Amino acid sequence: MIKRLTMIFLALAVPFGVFGSIPRWTYPIPANLLENRNGNLTLVNRQTPLDSGFEPNNLVSLAGLRSVSGPHSLRKEAAAALQELFTAAQEEGHQLYVKSSYRSFGTQETMYYNRMDKYGRDDGVVAFPGSSDHQTGLGVDVLNLEWANQDGMRPEFGNTPEARWMEANCAEFGFIIRYLPEKQDITGIIYEPWHLRYVGLEVARYIMEKRLSLEEFDQEVKQEILDYEASGGDFFALCAQLNALPPPREMPETDEAGDNEVSIFYKP
Ligand SMILES: [Zn+2]
């Protein structure tokens, strides 16, 4: 009995750093959620663009949602979350419309150079190819009917009940307002009350509560990891511990469902 208790204690103590060899992870979000394995936290801007060949995985159609153009698609998890957000908004009397969603590098490139041809310069309205949040498959522009039918989008949309509802509630569905009004100097993008970006529930709650830009959050997390490693921790070892599931059952290498390891551990 004593031996068993000792073993349980050891099993719990080592990962949680009771012996002082592994520093405690004190950041409010668990380390393994910050590992960005699924790409939900990928930061895209002019300084850190995606390459031309980048294509998000698991894109699904948003055909079930009201929209003013299309066809529209987002990554699966973001699409499901947006569906829930639309339903919740509807229940509170707000009709939302998708105006723009996933855009490929090629589409962005066409839009950018069309704009350049029209105005003779980069006026900052259309993001440089590779630097658009829409290329992640996690960014989506959502408006009310009146604004969705207009040609341009302007920050004044932020004064509408729909925009206010989205800002107050988006985090509960895993979305952030990617371009907040007070962060223009950091993001390089004007206030876009219509641009929702999926990051997942816990991170969205944290970001919206602290009103951070994704740039600031990214910086904060990088610093946190550096500090953790400077004090003797191993971030990826910690993530591996947190990701570890109970020992899997003995199974053949593959079964009719395909590769067990992939289907068990990396379910999209
Ligand atoms: Zn947008």
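## Overall make-up

The chain holds 10 helices and eight strands; here helices (H or I, at least four residues) and strands (E, at least two) are DSSP runs, numbered from the N terminus. This is a predicted model, in which local features need pLDDT of at least 70, side-chain atom pairs count only at pLDDT 80 or more, and totals for chains, interfaces and linings use all residues. Residues are numbered from 1 along each chain as its sequence is written.

Of the 268 residues in the chain, 29% are buried, that is, 20 or more other C-beta atoms, placed from the backbone, lie within 10 Å of the residue's own. Two residues are in contact if their C-beta atoms, placed from the backbone, lie within 7 Å. Take the contacts between residues at least 6 apart in sequence: 70% of them join residues at least 24 apart.

Let's turn to the strands. An open sheet is formed by four strands in the order 3-4-6-5, with antiparallel pairing; two strands pair if DSSP finds at least two bridges between them. From one strand to the next, the twist averages 40°, with axes fitted as lines to C-alpha atoms and angles running from 0 to 180 degrees between N-to-C directions.

Walking across the sheet, strand 3 is joined to strand 4 by three bridges, and valine 98 stands opposite valine 142 in strand 4. Strand 4 (residues 139-143) in turn pairs with strand 6 over three bridges, where glycine 139 faces arginine 197 of strand 6. Three bridges also link strand 5 (residues 175-177) to strand 6, with phenylalanine 175 partnered by tyrosine 198. In strand 6 (residues 195-198), His195 and Arg197 point one way while Leu196 and Tyr198 point the other, and all are buried.

Helix 2 lies across strand 4, strand 5 and strand 6, at about 130° to strand 6.

The largest nonpolar core has 48 residues, and those with the most contacts inside it are Leu82, Val142, Cys170, Phe175 and Ile176. Helix 2 (residues 76-91) supplies the largest share of this core, seven residues. Such a core is a set of buried Ala, Val, Leu, Ile, Met, Phe, Trp, Tyr and Cys residues joined through C-beta atoms within 7 Å. Leaving aside residues up to four places away in sequence, leucine 82 touches Leu62, Leu65, Leu74 and Val140.

Terms used: Buried ≥ 20, exposed ≤ 12 C-beta atoms within 10 Å, placed from the backbone.
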